[in-house]
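Student: I have a model open and I'd like to learn how to read it. Can we go through it feature by feature?

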Amino acid sequence: VVLNSSLVESFDKDQLLGVIGHELGHIASGHVLYLTLLMFLDAMVRMTSVIPFGGIPFQAIRYAMLEWRRKAELTADRAELLVTQDPKHAYNVLLKLAGGKNLEQMNLNEFFRQAAEYEKGEKFQDSVYKFIDMILLTHPQPVVRLTELKSWVDSGKFDEILSGNYIRRSNEEDYEEVFTTANDAGAQYTSDMKNSKDPVYQAVGSIFDAAGNMASRTGDFFSDIINGNSGEQKK
């Protein structure tokens, strides 16, 4: 873990502890392997970009990996909070990452208000620009990370872990919960889009719903053919 000099000079002891906890969260979660894979995909996209349409398959995988990378940052933010055990320190770190150096000249409540405004996205055109800006980012915008971290704290999960209720690697039975957690995470991505106040994400969520329903009906159709069942037989 390497901390640059400007970060060391700008952050106090508790905030530096949070940054180190964030990076250790990446290591403990096994993110390093996938980050290396993402770097490899970036190199492949550059190499195949000279071939017409040659980089499209790699580009699609890259976009998916970048989305995973942004989610990984949210996981590391939670690890940071578990290290400092004080939400205010984690919020202040994000406030400084947003561009502030002197917290005395900044207002955390205003930062929360901006985060809510960013999430809402009243104008469709602004939402499109936001989506385009986000799709190539390796890290979510600080206001997004602030919203996600506060939501996690408000959900009670943070206090639950501090009380000692969490999955342990030493317990084999806990591994069964890992698969359930992974499935829940996948469902959560869709839920986040559907429940978002942002019109672009609402539209994307609706498209996913329609695609899912169509896939289900198509699967039922071919299943009937394979099993020799017709619509009249069902009646």
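Student: Let's start with H31: is H31 buried or exposed?

Tutor: This is a predicted model, so keep in mind that every value here is computed from it. Buried means under 20% relative accessible area. H31 has 8% relative accessibility, so H31 counts as buried.

Student: Where is H31, and what is H31 in contact with once its sequence neighbours are left aside?

Tutor: H31 sits in helix α3, residues 31-48. Skipping neighbours within four places in sequence, H31 is in contact with H26, W68, A72 and T75. H26 is itself one of the buried residues of α2.

Student: Which residues of α2 are buried?

Tutor: Q15, L16, G18, V19, G21, H22, G25 and H26.

Student: What should I look at around the two ends of α2?

Tutor: At the start of α2, a side-chain oxygen of D12 comes to within 3.2 Å of the backbone nitrogen of D14. Just after α2, G30 has a positive phi of about 75°.

Student: Next, the salt bridges. What's the general idea?

Tutor: Side chains of opposite charge can pair when their charged atoms come close. A search of the whole structure turns up seven salt bridges.

Student: How does a helix come into this?

Tutor: An α-helix has 3.6 residues a turn, so residues three or four places apart point the same way. E67 forms a salt bridge with R70, and the closest N and O atoms are 2.9 Å apart.

Student: What about E73 and R69?

Tutor: E73 and R69 form a salt bridge, with the closest N and O atoms 3.2 Å apart. Because they are four residues apart in helix α4, about one helical turn separates them. Both E73 and R69 are buried.

Student: Which helix holds R113 and E117?

Tutor: Helix α6, where R113 and E117 are four residues apart and so about one helical turn from each other. R113 forms a salt bridge with E117, the closest N and O atoms being 3.3 Å apart. With 44% relative accessibility, R113 counts as partly exposed.

Student: Let's turn to the nonpolar residues. What's the idea behind a core?

Tutor: In soluble globular proteins, nonpolar side chains tend to be buried together. Here the largest nonpolar core has 13 residues, and L81, F111, L146 and L149 have the most contacts inside it. Helices α5 (87-97), α6 (108-120) and α8 (142-154) each supply at least two residues of this core. The largest share, five residues, comes from α8.

Student: Which residues does L149 touch?

Tutor: Leaving aside its neighbours within four places in sequence, L149 is in contact with D77, R78, L81, A90, Y91 and L94. There is also a second, separate core of five residues, including F11, L16, V19 and V93.

Student: How do I read F112?

Tutor: F112 is found in helix α6. Beyond its neighbours within four places in sequence, F112 is in contact with Y91, L146 and K150. F112 and V144 are 32 residues apart in sequence, yet 9.9 Å apart in space, C-alpha to C-alpha.

Student: And how many helices and strands does the chain have?

Tutor: Twelve helices and zero strands. Buried residues make up 27% of the 235 residues in the chain. Among contacts with a separation of 6 or more, 67% join residues 24 or more positions apart. The accessible surface comes to about 15,700 Å², and 58% of that belongs to carbon and sulfur atoms.

Notes:
Residues are numbered from 1 along each chain as its sequence is written. This is a predicted model: local features need pLDDT of at least 70, side-chain atom pairs count only at pLDDT 80 or more; totals for chains, interfaces and linings use all residues. Side-chain values use heavy atoms; hydrogens and water are left out. A nonpolar core is a set of buried Ala, Val, Leu, Ile, Met, Phe, Trp, Tyr and Cys residues joined through side-chain atoms within 4.5 Å. Buried means under 20% relative accessible area, exposed over 50%, partly exposed in between (1.4 Å probe, protein chains only). Contact means heavy atoms within 4.5 Å. A polar contact is a pair of N or O atoms within 3.5 Å; within protein, one must be able to donate a hydrogen and the other to accept it, and residues adjacent in sequence count only if both atoms are side-chain atoms. A salt bridge is a side-chain nitrogen of Lys or Arg within 4 Å of a carboxyl oxygen of Asp or Glu. Accessible areas come from the Shrake-Rupley method with a 1.4 Å probe; for residues, only the protein chains shown count as cover.
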